[in-house]
Amino acid sequence: MSVLHDLALGFQIALTWQAILICLGGVVLGTFVGVLPGIGALAAISLCLPLTYYMLPVHGLILLSGIFYGAQYGSSTSSILLNIPGTPAAAATCLDGNPMARKGRAGQALFIVTLSSYFGGMVGILLLVAFAAPLAQFALSFGAPEYFAVMLLGLVAASTASPGSPVKGLAMMVLGLIFGMVGTDVTSGAYRFTLGYLELTDGINLVAMAMGLFGIGEVLSNLAAPPAPQPPKKSFRLQEMLPTRTEARQSVMPAIRGSLIGSWIGALPGTGPAIAAFVAYATEKRVSRTPEKFGTGAVEGIAAPEAANNASVQAAFIPTLCIGIPGDAVMAFMLGAMIIHGIVPGPNLITEQPDMFWGLVASFAVGNLILVLLTLPMIGVWVKILNIPRQVLYPLIIFLICVGVFSVNSNVFDVFVAVAFGILGFVMTLFRYPVAPILLGYILGPLVEENFRRTLFISNGDFSAFLSSPVSVICLGLVALALIVPAVLAVRRRRLKAAS
């Protein structure tokens, strides 16, 4: 009964006209960003963060969250029509979505994607409701050693699981830790790494860093890439998009399996929607009796990754809200946004601010329903948006980014910081270095340092205090495995390559 009471409290907040309008704006903007290849949800979230300063904290989080899961819905449109994923997670949808579109069944593919995404999102929300309170209750027993170990595990897991070389991911995470040390030392009050700039005494502006890395950097990378192909010119009427009974029946079990896989993977630190989508696709191909049809327009190859994609997005809020440990760059930015609004994510959030927590959770259900009602009728609109010339769209995005960064502190210095990080993000992407671990290191770095120093202060410098509980021992052991296993696999690959 307690959960039903909490949900009733949440829907009282989520169903107010202000919350519904904000949620509607967030999911529409997120879908728009997801449709456009290469922009990314994080750029839009960082662009809209200054707008939330004038809202209630719960309304601001509803807006940012709606952009996040709305982008996952919209990313499948360009994947199916152009074979270009709007987000990394939608790359799995390209494998069968685009072949199905080339057969003249793009409408049916988009319809299946929408319903599978909704189902996966709702499964993730139900798991969030079921496991949030028990996980938060368990996390209440954490002390400084446990928080240090869990946060370190999140950092290392996210860095080594990022695309490309694990060593490059770790290097970018360390760079983020260094950026997080810029500013005033909380303990001693001394300035660190400010390079003589008074503007850096409070640290690097989170909005400027995120907008630079994931906004300006992505725009520069897309301008350097070849232009995307144009979508097919055809109408998408609802009655023409309905799948056959066979296709509907074939998509049910893949959507269920994908939702469960996505929920499990999304709740783990260092994973994210992209990993969940590809694991669901590989699982579906393995259990299929006709694996040879995958890659040629199989319905199962569309339903499973899309359900996993959206389930993982909702499940990713479980560790972020209940423990304060983000699983990927978007969740790390959401964590930073909460801190800016004076919200302390963690096990006390549910008990101290139940209206905040349950209002946000209830808004997920409202937002997913809005997405289903809007996505199908507006597919034709999203297709037209894909025709906007990038030489018009991208300069407008950079202009809005600069205005958004300036509006935070009315400081031109922050604009230069955003441009510098934009160039850094572009160069890192050019040399195939993952950019997301930089933001993770920047946001979690001060928390890791604080709990590290607190543990040593309490134990009078005794490092064995980090092994004082089973939680910290297990987490530090997993950190060691995350560092050792990629090194061993890399050595084995080199030996096999040399032998061949």
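At what angle do helix 9 (residues 206-224) and helix 21 pack, and how far apart are their axes? The legends below start with that pair. The model is predicted.

**View 1. Helix 9 packs with helix 21.**
The two helices meet at an angle of about 170 degrees. Their axes are 10 Å apart. Angles over 145 degrees count as roughly antiparallel, so helix 9 is roughly antiparallel to helix 21. On the helix 9 side, the contact is made by Leu206, Met209, Leu213 and Phe214. On the helix 21 side, Ala436, Ile438, Leu439, Tyr442 and Ile443 take part. By class, the residues of this contact are nine nonpolar, no polar and no charged.

**View 2. Helix 3 packs with helix 15.**
Helix 3 covers residues 41-48, and helix 15 covers residues 329-340. They pack at an angle of about 10 degrees, with axes 10 Å apart. Angles under 35 degrees count as roughly parallel, so helix 3 is roughly parallel to helix 15. Helix 3 contributes Leu42, Ile45 and Ser46 to the contact. Helix 15 contributes Ala329, Val330 and Phe333. This contact of helix 3 with helix 15 has five nonpolar residues, one polar and no charged.

Arginine 192 pairs with glutamate 449 in a salt bridge. The closest N and O atoms of arginine 192 and glutamate 449 are 2.8 Å apart. Arginine 192 sits in strand 2 (residues 191-192), while glutamate 449 sits in helix 21 (residues 436-458). The pair therefore ties together parts that are 257 residues apart in sequence. Are the two partners buried or partly exposed? Arginine 192 has 17% relative accessibility and counts as buried. Glutamate 449 has a relative accessible area of 21% and is partly exposed. The cut-off for buried is under 20%.

**View 3. Glutamate 449 also pairs within helix 21.**
Glutamate 449 forms a salt bridge with arginine 453. Here the closest N and O atoms are 3.0 Å apart. Both residues lie in helix 21, four residues apart, which is about one turn of the helix. Arginine 453 is partly exposed, with a relative accessible area of 30%.

**View 4. Glutamate 450 pairs with arginine 454.**
A salt bridge joins glutamate 450 to arginine 454. Their closest N and O atoms are 2.5 Å apart. Being four residues apart in helix 21, glutamate 450 and arginine 454 are separated by about one helical turn. Both ends of the pair are partly exposed. Glutamate 450 has 39% relative accessibility. Arginine 454 has a relative accessible area of 38%. How many salt bridges does the structure hold? The count comes to four.

**View 5. Glutamate 306 is buried in helix 13.**
Helix 13 (residues 300-315) holds glutamate 306. The relative accessible area of glutamate 306 is 0%. That value is under the 20% cut-off, so glutamate 306 counts as buried. Which residues does glutamate 306 contact, leaving aside its neighbours within four places in sequence? They are Gln72, Ser76, Thr93, Val113, Ser116 and Ser117.

**View 6. Valine 279 lies in helix 12.**
Helix 12 covers residues 273-287. At 33% relative accessibility, valine 279 counts as partly exposed. Valine 279 is in contact with Ile261 and Ile265, leaving aside its neighbours within four places in sequence. Valine 279 and alanine 92 are 187 residues apart in sequence. In space, they are 9.3 Å apart, C-alpha to C-alpha.

**View 7. Two cysteines are shown, and the structure holds zero disulfides.**
Cysteine 48 is buried, with a relative accessible area of 7%. Cysteine 475 counts as buried too, at 10% relative accessibility.

**View 8. The whole chain gives the setting.**
The chain has 22 helices and two strands. Of its 500 residues, 54% count as buried. Take contacts in the chain between residues at least 6 apart in sequence: 78% of them join residues at least 24 apart.

Methods
Residues are numbered from 1 along each chain as its sequence is written. This is a predicted model: local features need pLDDT of at least 70, side-chain atom pairs count only at pLDDT 80 or more; totals for chains, interfaces and linings use all residues. Side-chain values use heavy atoms; hydrogens and water are left out. Axes are lines fitted to C-alpha atoms, for helices over the stretch in contact, and angles run from 0 to 180 degrees between N-to-C directions. Angles under 35 degrees count as roughly parallel, over 145 as roughly antiparallel, 65 to 115 as roughly perpendicular and the rest as oblique. Contact means heavy atoms within 4.5 Å. Ala, Val, Leu, Ile, Met, Phe, Trp, Tyr, Cys and Pro count as nonpolar, Asp, Glu, Lys and Arg as charged, and the others, Gly among them, as polar. Buried means under 20% relative accessible area, exposed over 50%, partly exposed in between (1.4 Å probe, protein chains only). A disulfide is a pair of cysteine sulfur atoms within 2.5 Å. A salt bridge is a side-chain nitrogen of Lys or Arg within 4 Å of a carboxyl oxygen of Asp or Glu.
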